[in-house]
Amino acid sequence: MALPQAKLTATEVRLAALCLPSAPGWTRLAREAALARVRAMGMPGRRDEYWRFTDPADFVSAEPVPATHHARQKIPVFDGMDRVKLVFVDGVFDATASDDPALAGVEITRLAEAQGQDIHWAADLYGTLEARGQEPVDRPLAALNTAFATDGFLIRATGRAEKPVNLIYRHESDTSDAILHHVIKIEPGADLTVLENGPSAARFNKVMEVEIADGGAFHHVRVQGRDHDRRAATHIFARLGRESAFKSFTMTANGALTRNECVIELTGDDGVAHVAGACVGDGADFHHDDTVFVTHDAERCESRQVFKKVLKNGATGVFQGKILVQPGAQKTDGYQISQSLLLDGDSQFLAKPELEIYADDVACSHGSTSGAIDETALFYLRSRGVPRAEAVDMMVLSFIAEAVEEIESEEIREEIVERLAQWLARHRG
Amino acid sequence: MLEIKNLHASLEEEGKEILKGLTLTVEAGKVHAIMGPNGSGKSTLSYVLAGRGGYEVTDGSATLLGQDILGMEPEERAAAGVFLAFQYPVEIPGVGNMTFLRTAVNAQRKARGEEEMDAATFLKVVREKAKELNIDAEMLKRPVNMGFSGGEKKRNEILQMAMLEPRVCILDETDSGLDVDAMKLVADGVNAMRSPDRGFLVITHYQRLLDHIVPDVVHIMVDGRIIKTGGPELALEVEKNGYADLIGEAA
Ligand SMILES: Nc1ncnc2c1ncn2[C@@H]1O[C@H](COP(=O)(O)OP(=O)(O)OP(=O)(O)O)[C@@H](O)[C@H]1O
Ligand SMILES: [Mg+2]
């Protein structure tokens, strides 16, 4: 099927600005296949079904829109934690700022250095989950990433990791255009936590492919913040085996344009997948989009999608979430909630919740709401002496709580709540 | 202490007048009761005094210790010493009871230029007072009023009052929904707070509560006004004969 001319042109313009790595090693075939997918799908456009609420133009342009980088004045999130730091600056790995990646129970290799080595498990995965995730919905930015990623990490957990791996994305250049691709494999019974934070680049395209074998567990907590002009398109592709667990939480504050896609496939019985997000946006230059697709293809699996958005002064929030239950995926327990709290009449929340079920013995529910602060509750708090601004913050935090509670680690949960509270205090009125 | 003079208030949206020239003074150390038929404006009076939005004061005044309260924000009134025990306490999912109470206590102290209460002292005081009201520690950990029974909510209001130590306590039907034992607990809680520098305005439909919290003065409110004021015997009269005679008398 030929692409419409506009898409064809946009795709050629985007591709002309990129080049494949000169020594791709074992990634060559995967990259070429991904490039073919990009050409077949074309770059996303406003008319595509899953791009109606979010304009992809800034992801598709040959050059990124410049983003002023804000000098770091605060202590970065996760700073007090014992973790293995892996630092990128504008998408370029910074070895001196990073920790030695030796970690018991985990093998960590840089993608850029691994291409000449023979790493079977990664060769089997790189681009594989992304390619699977292209059905039934096109995700061309992810295919673009597989083809052109300049670096990333290959992380394989063989046991219980003694501390989290923290991917840190610093941003210094106003015009950086970073493409990173991580591949993570959790072997049977292994357990790993990956943390991500930092404003990344002026434009950031990131893919994380996560394969979780039987009985494995993967925890992911991400904080996207600070730089107002940042544009980020991220994808997580996860495939879960029997009795495995995937839990991901993302907090987003600021950022002109963020599109976080999460594609999860439950392929073994009794798997558990939770994906949650909390975003706070202030101003018409804030646009945040969560697009989630969970496929149940095994019995007795549980999935939860919990997304909360707090929007003010013209900010926009988007949620597109789907639960697909395949034939035979009996006893599926699927839950999806997306809610927004609009702090004024200028902000908007656009939601597209979807359920598609081909098995008869399942329990799936979804709900989407959009509302203002409850004035009665606000008065109740104020009547006890809590000043208005503080009372509003308390109610906002209580609104977000259901999403934040998806984070298992209490230490991290508390830090996230603290960050949200600080953000709210800075953005009063 | 609390002086309400010729107070007129209407619903902001509909313009309908609810309070139609209400005059009332609660002296320090005294307990005043207000009784009156449904819809006479008792809750409206309590909301207007506490500063809830949606009402417009068109005439009259209300002062606490000589200070005009009608121009203040709700939180400023609270810090000045106004406390309203709600007829229908509000459930707030996600906000912890303790966090809320501690924030409130310290916000008021801060507004008055007093030192904040530290966490340990706060915890100790709350536990003591909760125990007296038979509120278990488990309940305190829950979000504000979430999953509380009707009676538990009312006791929680009294706990907040005890922690905040207001100058004037307005109790809007705090007895409704309480069983006999809980009523006794609430009354004991209120009586324990009676002091020469604190006034009470107790809104109720039943004489029962007034057996436990013996009022100094009883007012009968009908159609946005006080139509009769008397001693505790007035409540007995209402209990026996209803409002019809009183309304007839006043007309
Ligand atoms: N927000 C509102 N919108 C519409 N009508 C209102 C509102 N608030 C109060 N009213 C009306 O004002 C009148 C007084 O109500 P209020 O709740 O003050 O009465 P009350 O004396 O407390 O009654 P009760 O004994 O039933 O509690 C009623 O007719 C009520 O319907
Ligand atoms: Mg009432």
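Below are my entries in the order I looked things up.

**Entry 1: ground rules.** This is a predicted model, so I take local features only at pLDDT of at least 70 and side-chain atom pairs only at pLDDT 80 or more, while totals for chains, interfaces and linings use all residues. Residues are numbered from 1 along each chain as its sequence is written, chains are lettered from A and ligands numbered from 1 in the order in which they are written, and side-chain values use heavy atoms, with hydrogens and water left out.

**Entry 2: confidence.** I checked pLDDT, the predictor's confidence in each residue, from 0 to 100. Chain B has a mean of 92, and 99% of its residues reach 70 or more. For the complex, the predictor gives an ipTM of 0.95 and a pTM of 0.89.

**Entry 3: salt bridges.** How many salt bridges are there over all chains? I get 45, counting a side-chain nitrogen of Lys or Arg within 4 Å of a carboxyl oxygen of Asp or Glu. I looked at A:D177 and A:R203, whose closest N and O atoms are 2.9 Å apart. Helices (H or I, at least four residues) and strands (E, at least two) are DSSP runs, numbered from the N terminus. For burial I use relative accessible area: buried is under 20%, exposed is over 50%, and partly exposed is in between (1.4 Å probe, protein chains only). On that scale A:R203 is buried at 3%, whereas A:D177 is partly exposed at 30%.

Next I took B:K153 and B:E91, a salt bridge with its closest N and O atoms 2.9 Å apart. B:K153 sits in helix 6 (residues 150–164) of chain B and B:E91 in the loop between strand 6 (82–85) and helix 3 (97–111), 62 residues apart. B:K153 is buried at 15%, and B:E91 is partly exposed at 34%.

I also noted A:R300 with A:E299, a salt bridge at 3.5 Å, N to O. A:R300 is partly exposed at 40%, and so is A:E299, at 31%. A network of salt bridges links A:E107, A:R156, A:K185 and A:E187.

**Entry 4: helix 7 of chain B.** Which residues of this helix are buried? They are B:A182, B:M183, B:V186, B:A187, B:G189, B:V190 and B:M193. Helix 6, strand 7 (168–172), strand 8 (199–203) and helix 8 (207–212) of chain B are among what covers the buried residues. At the start of the helix, a side-chain oxygen of B:D179 reaches to within 3.1 Å of the backbone nitrogen of B:D181.

**Entry 5: A:K247.** I found A:K247 in strand 11 (residues 245–253) of chain A, buried at 17%. Leaving aside neighbours within four places in sequence, A:K247 is in contact (heavy atoms within 4.5 Å) with A:F218, A:H219, A:H220, A:V272, A:H274 and A:E408. The side chains of A:K247 and A:E408 are joined by a polar contact of 2.4 Å. A polar contact is a pair of N or O atoms within 3.5 Å; within protein, one must be able to donate a hydrogen and the other to accept it, and residues adjacent in sequence count only if both atoms are side-chain atoms.
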